Amino acid sequence: MKILVLNGPNMNMLGIRQPEIYGHATYQDLVSMVQAEAQKLSVDVDFFQSNHEGDLISAMQQAYLDNVDGIIINPAAYTHTSIALLDAVKAVGIPTVEVHISDPDTREDFRKISYIRQACVATIKGKGIQGYLEALHFLYDNAEEAE
Ligand code: CA2
């Protein structure tokens, strides 16, 4: 099983600023944690972080060409603005889980809209970086059921 973990703009700043909202773990801590869990499950996992919307879309299209089985995406602020990312999830047809470290629904009003949510198989929010592990297990468990 192959899984791609996508992170949107500013996620490379994790652990550096605003730890009261996003915690103290860095982006590299997040990668190491997910990698370790994926290894236990014998899942191949790739990571991509970009501050550019089009690059995230290109990564999703490449995932389609590479027969990736599942995508975990934290689109960061593009969650609240991007119909293009929503269309990309629909276009590639790969089961995708939306993850947020904080719970955007309890924050400013402009964070309450998620365009991508309607195309995702699940949304996990407000659980810190552990939410990525939950997303990994969700995709793993559901792929197992489908076999
Ligand atoms: O809670 C989440 O995971 C978010 O997707 C994080 C985004 C935010 O725009 C969403 O509403 C919710 C922010 C990305 C990270 O921004 C940082 C800024 C400073 C320090 C660390 C991260």
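**Ligand site and fold**

User: Where does the ligand sit?
Analyst: This is a predicted model, where local features need pLDDT of at least 70, side-chain atom pairs count only at pLDDT 80 or more, and totals for chains, interfaces and linings use all residues. Residues are numbered from 1 along each chain as its sequence is written, and side-chain values use heavy atoms, leaving out hydrogens and water. A molecule sits in a pocket if more than half of its atoms lie within 2 Å of its grid points. A pocket is an open set on a 1 Å grid over the protein atoms alone, where a 1.4 Å probe fits, with protein on both sides within 12 Å along at least five of seven lines. The ligand's place is the largest pocket.

User: Which N or O atom in a side chain is 2.8 Å from an oxygen atom of the ligand, besides that of Asn74?
Analyst: Polar contacts are pairs of N or O atoms within 3.5 Å. Asn74 has a polar side-chain atom 2.8 Å from a ligand oxygen. For His80 the distance is 2.7 Å.

User: How much of the ligand does the protein bury?
Analyst: Accessible areas come from the Shrake-Rupley method with a 1.4 Å probe. Alone, the ligand exposes 510 Å². The buried share is 93%.

User: What radius of gyration does the protein chain have?
Analyst: The radius is taken over C-alpha atoms, and the globule rule is 2.2 Å times the number of residues to the power 0.38. For 147 residues, a compact globule would be near 15 Å, so the chain agrees with its value of 14 Å.

Technical notes: Polar contact = N/O pair within 3.5 Å; in protein donor to acceptor, adjacent residues only side chain to side chain. 1 Å grid on protein atoms, 1.4 Å probe; cavity = no way out; pocket = protein on both sides within 12 Å on 5 of 7 lines; lining within 4 Å.
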